[in-house]
Amino acid sequence: MGEYTLPFVGNVPTTIVLDDEARQYELKNIHIGLLPSFNGRVTEDCLQFMKQYGATLETFSAKNLRLKTASFVEEDGELFHEAWERFNLLLAQMPPHTYHPELKVNSFYSGFSPITQMMVDNACGGTIADKRAVEAYDILEKIA
């Protein structure tokens, strides 16, 4: 009779989708205290726990993405449009409005070799620092 009182779970596919980077994430001791707790009691809401847990992990991932974006560097032999595409892929993974246009331009420009920076400055008709962030971003888009 006990088996009839328990819910049947079966093979229900999960709605949580993790990319390869998220699957390889190393959970450090400092993060454990930030995770919500769930003990499996009847009074606890499992769905609410999963939402909180997912949101917490996304926070860890967003910090990592911000660090990668802020420390963006041109790779050896990389063409400008390839670097621009790689940089924009990083930005696309971040939540909207979390990275100001000034920081985007500065992070991208600062990661280039002096030769590439001179090329960008020539395209600007001066230095990129003399342009407003939106204007500089548009110039970078046109160069790419």
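**View 1. Helices H7 and H8 cross right-handed in this predicted model.** Left-handed means that the near helix is turned anticlockwise from the far one by less than a right angle, and right-handed means clockwise. The axes of H7 and H8 come within 10 Å and cross at roughly 110°. H7 is therefore roughly perpendicular to H8. Axes here are lines fitted to C-alpha atoms, for helices over the stretch in contact, and angles run from 0 to 180 degrees between N-to-C directions. Under 35 degrees counts as roughly parallel, over 145 as roughly antiparallel, 65 to 115 as roughly perpendicular, and the rest as oblique. H7 brings Met-119, Val-120, Ala-123 and Cys-124 to the contact, and H8 brings Ile-139, Leu-140 and Ile-143. Contact means heavy atoms within 4.5 Å. By class, seven of these residues are nonpolar, with no polar and no charged ones. Ala, Val, Leu, Ile, Met, Phe, Trp, Tyr, Cys and Pro count as nonpolar; Asp, Glu, Lys and Arg count as charged; the others, Gly among them, count as polar.

**View 2. H6 passes H8 in a left-handed crossing.** The two axes come within 8 Å and cross at roughly 45°. That angle makes H6 oblique to H8. On the H6 side, the contact uses Pro-101, Glu-102, Lys-104, Val-105 and Phe-108. On the H8 side, Ala-133, Ala-136, Tyr-137 and Leu-140 take part. Seven residues of this contact are nonpolar, none polar and two charged.

**View 3. H5 and H6 make a right-handed crossing.** Their axes lie 11 Å apart, at an angle of about 140°. H5 is therefore oblique to H6. Phe-80, Ala-83, Trp-84, Phe-87 and Leu-91 of H5 meet Lys-104, Ser-107 and Phe-108 of H6. The classes here are six nonpolar, one polar and one charged.

**View 4. The largest nonpolar core has 20 residues.** Such a core is a set of buried Ala, Val, Leu, Ile, Met, Phe, Trp, Tyr and Cys residues joined through side-chain atoms within 4.5 Å. Phe-72, Phe-80, Phe-108, Val-120, Ile-128 and Leu-140 touch the most other members. Helices H5 (80-92), H6 (101-110), H7 (114-124) and H8 (133-143) each give two or more residues to this core. H5 gives the largest share, six residues.

**View 5. Ile-128 has contacts in several parts of the chain.** Its partners are Val-105, Tyr-109, Val-120, Asp-121, Ala-136 and Leu-140, leaving out residues up to four places away in sequence.

**View 6. Leu-57 sits in helix H4 (residues 46-70).** Leu-57 counts as partly exposed because its relative accessibility is 27%. Buried means under 20% relative accessible area, exposed over 50%, and partly exposed in between (1.4 Å probe, protein chains only). Leu-35 is 22 residues from Leu-57 in sequence and 8.3 Å away in space, C-alpha to C-alpha.

**View 7. The whole chain has eight helices and zero strands.** Helices (H or I, at least four residues) and strands (E, at least two) are DSSP runs, numbered from the N terminus. Buried residues make up 25% of the 144 in the chain. Of the contacts between residues at least 6 apart in sequence, 51% join residues at least 24 apart.

**Notes.** Residues are numbered from 1 along each chain as its sequence is written, and side-chain values use heavy atoms, without hydrogens and water. In this predicted model, local features need pLDDT of at least 70 and side-chain atom pairs count only at pLDDT 80 or more, while totals for chains, interfaces and linings use all residues.
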